[in-house]
Amino acid sequence: MARQKWTPPTPEVQQHIEDVVALYQEKQEAERRYKEALAKLTDAAGDAVPIAHIADRLDVERKTVYRHLGRSMT
């Protein structure tokens with residue numbers, strides 16, 4: 001079965017596309033800020049907050065925090 005030819009979206013659909021793009025960009029920025037703040041909390045050079053405490057507060061496993069930091073648990 002052949003694909004239907006794509007037609008430009010209606011103004012309503014175009015607005016939904018713009019909304020999705022904006023939300024994705026906001027998510028990316030929030031994730032960047034989250035990881036930056038998390039790294040500051042766990043900075044070994046400063047008064048680091050234990051990973052276990054952060055994991056408890058986020059209600060996630062410690063390995064999730066390590067993954068967000070880009071670190072290995074070992």
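Trainee: Leaving aside neighbours within four places in sequence, which residues is threonine 42 in contact with?
Mentor: This is a predicted model, to begin with. With those neighbours set aside, threonine 42 contacts Ala48, Val49, Ile51, Ile54, Leu69 and Arg71.

Trainee: Where is the place of threonine 42?
Mentor: Threonine 42 sits in the loop between H1 and H2.

Trainee: Buried or exposed?
Mentor: Threonine 42 is buried, because its relative accessible area is 5% and the cut-off for buried is under 20%.

Trainee: What lies 3.1 Å from a polar atom of its side chain?
Mentor: The backbone oxygen of leucine 38 is at that distance from the threonine 42 side chain.

Trainee: Which residues make up the largest nonpolar core?
Mentor: There are seven: Leu38, Ile51, Ile54, Ala55, Val65, Tyr66 and Leu69.

Trainee: Staying with H3, what about histidine 68? Buried, partly exposed or exposed?
Mentor: Histidine 68, which is in helix H3, counts as partly exposed because its relative accessibility is 26%.

Trainee: What does its side chain make a polar contact with?
Mentor: With the side chain of tyrosine 34, at 2.6 Å. Beyond neighbours within four places in sequence, histidine 68 is in contact with Tyr34, Lys35 and Leu38.

Trainee: How many residues apart are histidine 68 and glutamate 31 in sequence?
Mentor: They are 37 residues apart in sequence, and their C-alpha atoms are 9.6 Å apart in space.

Trainee: Switching to the surface. Which residues make the nonpolar patch of about 200 Å²?
Mentor: Val13, Ile17 and Val21 make that surface patch.

Trainee: Where does isoleucine 17 lie, in which helix?
Mentor: Isoleucine 17 is part of helix H1, which covers residues 11–41.

Trainee: Last one, aspartate 59. What is phi there?
Mentor: Phi of aspartate 59 is near 60°, which is a positive value in a residue other than glycine.

Trainee: Where is aspartate 59 found, and is it buried or exposed?
Mentor: Aspartate 59 is in the loop between H2 and H3. Aspartate 59 is exposed, because its relative accessible area is 71% and exposed means over 50%.

Notes:
Residues numbered from 1 in each chain as written. Predicted model: local features only at pLDDT ≥ 70, side-chain atom pairs only at ≥ 80, totals over all residues. Heavy atoms only, no water. Core = buried A, V, L, I, M, F, W, Y, C linked by side-chain atoms within 4.5 Å. Buried < 20%, exposed > 50% of the residue type's maximum accessible area, 1.4 Å probe, protein only. Patch = residues over 30% accessible without salt bridge, like charges linked within 9 Å, V, L, I, M, F, W, Y side chains within 5 Å. Areas by Shrake-Rupley, 256 points an atom, 1.4 Å probe, with all protein chains shown as cover. Salt bridge = Lys/Arg side-chain N within 4 Å of Asp/Glu carboxyl O. Helix = DSSP H or I, 4+ residues; strand = E, 2+ residues; numbered from the N terminus. Polar contact = N/O pair within 3.5 Å; in protein donor to acceptor, adjacent residues only side chain to side chain. Contact = heavy atoms within 4.5 Å.
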